[in-house]
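Here is a short report to read beside the sequence and the 3D view. Keep the view open and look up each residue as it comes.

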Amino acid sequence: MFRATTPELPVPTAADLALHDLPRTIAAHDAHMAQVPGMSLIETGGTAGAGPLALPVRVAAWNLERCLFPEPAARHVADCDVVLVSEMDHGMARSSQRNTTSDMAASLGMGYAYAVEFLELGLGSPVELEFCTDDHNTRGYHGNGLMAKTALEAPFALRLWGRRQWFEDAEQPRLGERIAIGAQVQTEAGPVLMVSTHLESACGPDHRATQVAGLLAQIDAEFPGLPCLIGGDLNTGNHNNGDWRAEGLFDHARRAGFTAHGGPEEQTTTRPSLITRWPDRAMKLDWFLSRGLRMGETVIRPSLDADGRPLSDHDALVTEILGFE
């Protein structure tokens, strides 16, 4: 777990990006990543209001698939008090080199915290190359964030268990591993731990179950007794014929006292988008996990702007915290 914050993540140096001659091993990967400052810092900024959030607190969890359109995305969740986001670019050519989390938070009038999941060594997938405005990335960061209308207290981030498999990927080579980022948010009922996470897609259920078990163990160790809401793309059903019900991560969550909220059981959370490689995919990937909270209805909000343009290949998941248990 890391907690150091900065108002602006550093630009990777040539030495940070000099990875092509490294052995493709976990040890070599981790030794190099430890020397890249941006991989262990949390960028914080934006402008949040003062005082606790009034109940009910509306929360969105949304995989924004690079976040090509920060301002329309902000309008889509403008009625929310807290927004948990994943797949957010920062200095990537495919998203016009923008700091998408900062720009989205500015439109919402929220404060934000952002941590790097991957340092991208290329420009992205073949379909994303069509959206590139340059032949290079100014930073190459891709990660998770959270935003709120009130202060994000004591932000933290941690890397989830994994095999560093993207380090070996020929199409999209990356430095890093899946991540969770969180902070405490004050409500009228008391503080809530809000966590934005993104589990591995290129694996089976056992991998994701291990990631969730590790995340929950860290939460129990660091924040005992604190009501908690985790939200994000849990990639349930990937490499398992789309069968989200067979994911062992839900068993880990139940044993730890968490309840899953995914909206209508048969409603999927994916859709065709401008850059998705799987336009025909229909899967239920996105969830909230809550503990110590009384929750309202969870809905799946279609991620289309006013003109019908898709903002992501994931729909937004929106729920409400009604109070504490």
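## Gly214 and its helix

Gly214 is found in helix H5. This is a predicted model. Gly214 has a relative accessible area of 34%, so the residue is partly exposed. Now look across to Ala27. Gly214 and Ala27 are 187 residues apart along the chain. Their C-alpha atoms are separated by 20 Å.

Which strands does H5 touch? The helix packs on a sheet and touches E7, strand E9 (179-187), strand E10 (190-198), E11 and E13. The direction of H5 makes about 155° with that of E11.

## The six-stranded sheet

Six strands build this open sheet. Their order is E7-E9-E10-E11-E13-E12, and the pairing is mixed. E7 and strand E12 (259-261) stand at the edges. Each has a single partner strand, so one side of each has no neighbour in the sheet. From one strand to the next, the twist averages 20°.

Strands of a sheet pair through backbone hydrogen bonds, either parallel or antiparallel. In which sense do E12 and strand E13 (residues 286-291) pair? They run in the antiparallel sense, over three bridges.

## Two nonpolar cores

In soluble globular proteins, nonpolar side chains tend to be buried together. The largest nonpolar core here has 35 residues. Which of them touch the most other members? They are Leu64, Val77, Val83, Met88, Met104, Leu108 and Met147. Several elements give two or more residues to this core, including strand E3 (57-66), helix H3 (70-76), strand E4 (82-90) and helix H4 (100-108). The largest share, four residues, comes from E5.

Take Leu108 as an example. Apart from residues up to four places away in sequence, Leu108 touches Ala74, Val77, Ala78, Val83 and Met147. There is also a second, separate core of 27 residues. Among its members are Phe2, Ile42, Leu84 and Ile181.

## Gly46 at the surface

Gly46 sits in strand E2 (residues 42-46). Is Gly46 buried or exposed? Its relative accessibility is 53%, so Gly46 counts as exposed; the cut-off for exposed is over 50%.

Gly46 and Leu108 are 62 residues apart in sequence. In space, they are 9.4 Å apart, C-alpha to C-alpha. Setting aside neighbours within four places in sequence, Gly46 is in contact with Met110, Gly111 and Tyr112.

## Aromatic rings and charges

A pair of aromatic rings is described by the distance of the centres and the angle of the planes. The structure holds five aromatic pairs. In one of them, the ring centres of Phe156 and Phe223 are 5.0 Å apart. Their planes stand at 40°, so the pair is tilted. This pair links distant parts of the chain, 67 residues apart. Phe156 is in strand E7 (residues 153-159). Phe223 is in the loop between helix H5 (205-222) and strand E11 (228-233). Both Phe156 and Phe223 are buried.

Trp244, Phe250 and Trp287 form one aromatic cluster. Trp287 also has a charge over its ring: the charged end of Lys284 sits 5.5 Å from the ring centre. Likewise, the charged end of Arg24 sits over the ring of Phe167, 4.1 Å from its centre.

## Backbone exceptions

Most residues other than glycine have a negative phi, and most peptide bonds are trans. Where is a cis peptide bond found? It joins Leu55 and Pro56, with omega about -5°. Pro56 lies in the loop between E2 and E3.

Next come two positive phi values. Arg66, in strand E3, has phi near 85°. At 6% relative accessibility, Arg66 counts as buried. Asn235 has phi near 55°. Its place is in the loop between E11 and helix H6 (249-255). Asn235 is buried too, at 2% relative accessibility.

## A buried aspartate

Asp313 lies in the loop between strand E15 (299-301) and strand E16 (316-324). Why does Asp313 count as buried? Its relative accessibility is 6%, and buried means under 20%. Beyond neighbours within four places in sequence, Asp313 is in contact with Glu65, Thr269, Thr270, Arg271, Ser273, Thr276 and Arg281.

Methods. Residues numbered from 1 in each chain as written. Predicted model: local features only at pLDDT ≥ 70, side-chain atom pairs only at ≥ 80, totals over all residues. Heavy atoms only, no water. Buried < 20%, exposed > 50% of the residue type's maximum accessible area, 1.4 Å probe, protein only. Contact = heavy atoms within 4.5 Å. Phe/Tyr/Trp six-rings, centres within 6.5 Å; stacked < 30°, edge-to-face > 60°. Lys NZ or Arg CZ within 6 Å of the ring centre and 35° of its normal. Core = buried A, V, L, I, M, F, W, Y, C linked by side-chain atoms within 4.5 Å. Pairing = 2+ DSSP bridges. Axes fitted to C-alpha atoms, helices over the stretch in contact; angles between N-to-C directions.
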